[in-house]
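Good morning, colleagues. Please look at the chain on the screen while I take you through a few of its local features.

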Amino acid sequence: MQRPSSSRRRVEAPSDPQSQSQSQSQSQSQSQHLHLPRAERSSVPYEASDENRTDLISKLPDCLLCSILSLLPIRDAIRTSALSSRWRHLWKLNPLHLHDSIFGFDHPNNSQTHLKTLEALVCIASAHPGPIHSFRIFHFTKPLFLCKVDTLMETLATKGIRDLSLSFGYAGRLRYRLPSSLLQCQSLRKASLSACFFPPSPVVNSCFPNFRELTLEFVFLWDHLLQCLLESCKQIEVLQLINCSGLQYVRLNCAKLQKFTIHHQNHVSESVHAKEVVIEDAPELRSLRFGESTVNHTRISVRNVQKLEVLGFFSMNATMRIGKTFSKSYNQREMSVNRSMGLPTVKELAVLVIGPFNCSLLSDVLRCFPCLETLYIKGYIEQDQHIGFWERQAPFVFCENHLKSLTMIEFCGQGAEVEFVKFFVEHGQVLERITLVCEDKLTADSRTTLRRDLCLENRASMHLEVEILNEFDFALDSREWASLFYDSL
């Protein structure tokens with residue numbers, strides 16, 4: 001007997017009013033969405049539509065387009081003038097950066113080519129309606145160039161020049177007198193001038209209000225001129241005097257000076273060096289570099305070293321006073337070291353070893369730099385007198401957490417020098433590299449013997465690498481210290 005078919009009724013749990021309202025709103029939105037009219041497809045292809053054919057970049061204002069062009073090399077920026085009439089003159093509004101490498105000034109023996117190139121540069125600088133921010137030429141080696149240089153200097157001064165690098169000969173063979181128009185250029189921020197001199201009565205009052213960096217090489221100066229220049233450069237941060245003559249007593253009072261370098265070649269006569277360099281007030285001084293010849297012939301005094309980070313060459317035999325930590329007068333036999341007034345801010349140090357010296361004094365000097373990260377030692381450590389000295393020394397404070405690089409220059413590989421390097425191998429816990437610069441190229445057997453004597457298997461840092469270089473390879477790799485090291489290499 002068949003049962004009559006009955007419809008099954010699904011019983012659901014009653015839902016809360018909030019969920020019912022949410023479901024109703026969702027259904028209403030879906031119904032409204034379903035009834036929206038469909039957008040008609042355009043019969044015009046995508047590539048050919050008027051909207052996509054519009055040049056949106058060309059609609060940007062000139063200031064933005066010039067900012068874009070400033071990121072391109074000058075040749076590529078000029079090529080954009082062929083795009084359209086909108087771009088034809090935009091590159092002219094952009095600041096120019098004229099360098100000798102761009103215009104083929106790398107052939108110093110072709111005077112005729114140089115003269116034509118210089119004439120072209122004068123024409124470009126005069127015709128360019130926009131500013132000229134940087135200009136660099138290092139091959140003014142012929143007197144026939146100088147008639148064009150005066151016109152060029154006047155043009156650059158009116159074009160808002162900011163960065164200027166010029167060289168008028170080598171080692172004093174040609175010197176150019178700087179025009180007064182350049183000295184009155186208030187837009188100048190950085191200048192590197194070589195083999196030139198200032199006029200007898202330079203106009204330097206209230207000049208260079210925005211000046212930041214000044215490098216003078218083979219330039220004749222005198223004390224009053226340098227003082228007037230620095231007084232007019234209230235914002236100067238970097239001052240480098242390389243192979244400059246005429247100075248006797250240098251006094252520096254620069255509130256914002258951060259880097260100072262004075263350096264002479266070793267072969268110049270003693271009369272060329274300044275007799276005294278005193279840095280009286282430079283509270284922001286961070287980098288202080290002296291050449292080897294300068295340290296030997298000039299009295300040096302630095303009074304404010306609260307922020308000093310880079311120091312070299314430091315010589316224990318030189319007449320030098322560094323803050324309240326180191327002092328040695330002309331008649332004093334050895335340098336006085338006040339270890340209670342250490343220099344914890346110094347991170348990079350170059351020590352010059354001249355003649356016989358006391359290793360205990362070197363140890364006292366190094367203990368005044370507890371946060372040292374990079375150490376250069378240049379000179380000769382006597383072999384017989386100090387055998388076993390470094391084996392008895394306690395490790396320096398900077399060996400534990402700071403020292404990462406040690407460089408020995410004029411390394412001979414014998415006696416006390418090996419013990420000195422071995423001391424850092426065994427105690428430099430974060431030491432990453434030891435560079436040994438040898439006067440003579442070592443043979444393979446000599447290198448193997450040297451590595452064995454250093455006992456590298458007992459090194460405190462597993463990341464330590466020992467590199468043995470000759471003088472030429474080191475000269476190419478020394479980078480920022482190159483100007484101080486090269487003369488003796």
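Where is the place of Glu410? Glu410 sits in strand S20, which covers residues 405–411. This residue has a positive phi of about 65°, although it is not a glycine.

A second residue shows a positive phi without being a glycine: Phe218, at about 55°. Phe218 is found in the loop that runs between strand S7 (213–217) and helix H8 (223–232). It counts as buried because its relative accessibility, 17%, falls under the 20% cut-off.

As background, most residues other than glycine have a negative phi, and most peptide bonds are trans. On the latter point, the bond from Gly312 to Phe313 is cis, with omega near -15°. Phe313 belongs to strand S14, residues 310–315.

Let me turn to Glu419, in helix H12 (residues 416–427). Glu419 has a relative accessible area of 15% and is therefore buried. Its C-alpha atom is separated by 7.4 Å from that of Gly388, 31 residues apart along the chain.

Finally, confidence. The chain averages a pLDDT of 79, and 75% of the residues score at least 70. Confidence is highest in strand S13 (residues 299–302), with a mean of 95, and lowest in helix H1 (residues 17–34), with a mean of 49. Over residues 1–15 pLDDT stays under 50, and the model has 1 contact there beyond four places in sequence. Where pLDDT is low, the predicted coordinates should not be read in detail.

Technical notes. Residues numbered from 1 in each chain as written. Predicted model: local features only at pLDDT ≥ 70, side-chain atom pairs only at ≥ 80, totals over all residues. Heavy atoms only, no water. pLDDT = per-residue confidence, 0-100. Helix = DSSP H or I, 4+ residues; strand = E, 2+ residues; numbered from the N terminus. Contact = heavy atoms within 4.5 Å. Buried < 20%, exposed > 50% of the residue type's maximum accessible area, 1.4 Å probe, protein only.
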